[in-house]
Amino acid sequence: MMVPGSQDEHLPSGGSTSRGTIKQYGSNQSLSQHSGAHLGSNGNISPAEASSHLEPQEYTEADYLLPDKLYGRSRLSKSTNDAQGSSAPTETVCSMVLQILVPFLLSGFGTVSAGMLLDVVQNWDVFQEVTELFILVPAVLGMKGNLEMTLASRLSTAVNSGKMGPAREKWMLIAGNLALKQLQATVLGLLASLMATLLGWMAEGKMPFDHVVLLCSSSVSTAFMASLLQGIIMVGVIFGSKRIGINPDNVATPMAASFGDLITLALLACFSQWFFSFIDIYPYVLYLVDLLLLCLIPVWVIIASKHSNSLILLRTGWEPIITAMMISSIGGLILDKTVTDPNLAGIIVYAPVINGIGGNLVSIQSSRISTSLHLNYPPREVPEDRQSCYNPCRTFFGTGANHRSAQILLLLVIPGQLIFIFTIHLIKGGHTLPSPLFTVIFLSACLIQVSTLLCMADCMVHCLWRRGKDPDSYSIPYLTALGDLLGTALLALCFLLLWCAGDSGSV
């Protein structure tokens, strides 16, 4: 049996293995349906090929993007993909900047709106009584990285690779992925509430049971509804951008974030306040909501398992999103402690901004690198300059398209964050500019966060590909969660430095 990603595979009747030859991977269970069986020189099926069709095949996480079952692109021979018409979008620096800039600004204003909303709802009764909701905020907002951005990256790669297949195959793929996302949202919402409960109990030494029920109901309901709304919008954005000639890799993930934070936070605030009003009079309502949403899990499992692509993710896609949720929850604990500290007043407005912008930028880079690898390299094979020890300088210094995009993304940080800082200040009714000390410290934190995340993305995506794992499903959850943790920690350090310097910063 052939091992996925192996360098030496058996070819019939004297065929040779090279980088210019189409390779057959473990997902080729039904290859004969597409291209027919391979014949030896005597007209019969060769023993090696016969055994590969009879024996059970292995799957890798990268297989699900390829319903035609072939990685056809070669650096030495482009004939296969040229025949299929799939090639990486050709972009100039100007077009790349324009395609990234508009969704970047939209997503930035979305995070600004989320920050302003969080500044308002922190004074609601439910947030004052159940402070563990602040622990829940980064984890629930981080689900856009775990689910929406991951879906956007997967579909963008599939569209750019020309692997969507006929209309029926395309809609089956979309339905399977959306059902899988609803399942993951429900499970993640429940786990996030339990994680918030555990961290809250560890920090305070106590946790009332009615607070636990409220956290569970609010988290699961928010995750379910936000995932449903954003998933449908995301599919439209990806196919719409491809139809009008825009690279989905540049716009899909930041567009997912532009409305993701605001929608998710609004739903969390409304659901939690609504359940809080029922908790003493009609407590059974909270139990019924949890029971109803959990009973839908078998339905999502059945729908997701109908398509082989989503079935693979149903089995293998849980590790990154659960780990990412736990990382984001630690960032939530930091946020909970800083919000309740009067010396760090004003921090809550900027938390969604620094976390959201960092996650948006690194998700663009991760999606672009993943698309490049899917188009040009078979699983477990990476460019020669990525086979040695990792050098952070290679992320920003080079002539390739991914080097240029890393430079552009890093250069967007300072002007973008300046726009968002002044926007927040104007919305809050400020009549003076933010203090120079606050501006310098905040921008420095943003640069440190984004440059670190871009370097981590470059290293992580290539390492995942070399291990045979699909970067679209693994890298973005980890990167956005690390962005939440790093952004919250750096933001807390910024406000601590401002307090030590005696500068309120006009924040």
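Modeller: Gladly! One definition to begin: a crossing is left-handed if the near helix is turned anticlockwise from the far one by less than a right angle, and right-handed if clockwise. This is a predicted model, in which local features need pLDDT of at least 70 and side-chain atom pairs pLDDT 80 or more, while totals for chains, interfaces and linings use all residues. Residues are numbered from 1 along each chain as its sequence is written, and side-chain values use heavy atoms, with hydrogens and water left out.

Biologist: What is the handedness of the crossing of H8 and H13?

Modeller: Helices here are DSSP runs (H or I, at least four residues), numbered from the N terminus. H8 covers residues 167-204 and H13 residues 308-316, and they pack at about 20° with their axes 8 Å apart; axes are lines fitted to C-alpha atoms over the stretch in contact, and angles run from 0 to 180 degrees between N-to-C directions. That angle makes H8 roughly parallel to H13, since the term applies because angles under 35 degrees count as roughly parallel, over 145 as roughly antiparallel, 65 to 115 as roughly perpendicular and the rest as oblique. The crossing of H8 and H13 is right-handed.

Biologist: How do H4 and H17 lie relative to each other, and which residues make the contact?

Modeller: H4 (residues 93-121) and H17 (residues 401-411) pack at about 50°, with their axes 11 Å apart. They are therefore oblique to each other, and their crossing is right-handed. The contact (heavy atoms within 4.5 Å) is made by Val93, Met96, Val97 and Ile100 of H4 with Ala401, Arg404, Ser405, Ile408 and Leu409 of H17.

Biologist: How many residues of the contact of H4 with H17 are nonpolar?

Modeller: Ala, Val, Leu, Ile, Met, Phe, Trp, Tyr, Cys and Pro count as nonpolar, Asp, Glu, Lys and Arg as charged, and the others, Gly among them, as polar. One residue of this contact is polar and one is charged, and the nonpolar ones number seven.

Biologist: Which helix supplies the largest share of the lining of the second largest cavity?

Modeller: A cavity is a set of points on a 1 Å grid over the protein atoms alone where a 1.4 Å probe fits but cannot get out, and lining residues have an atom within 4 Å of a point. The second largest cavity is lined by 13 residues, with Pro138, Leu141, Pro352, Asn355 and Asp484 nearest its centre. Helices H6 (133-141) and H15 (347-376) each supply at least two lining residues. The largest share, four residues, comes from H15.

Key:
On a 1 Å grid over the protein atoms alone, a cavity is a set of points where a 1.4 Å probe fits but cannot get out, and a pocket is an open set with protein on both sides within 12 Å along at least five of seven lines; lining residues have an atom within 4 Å of a point.
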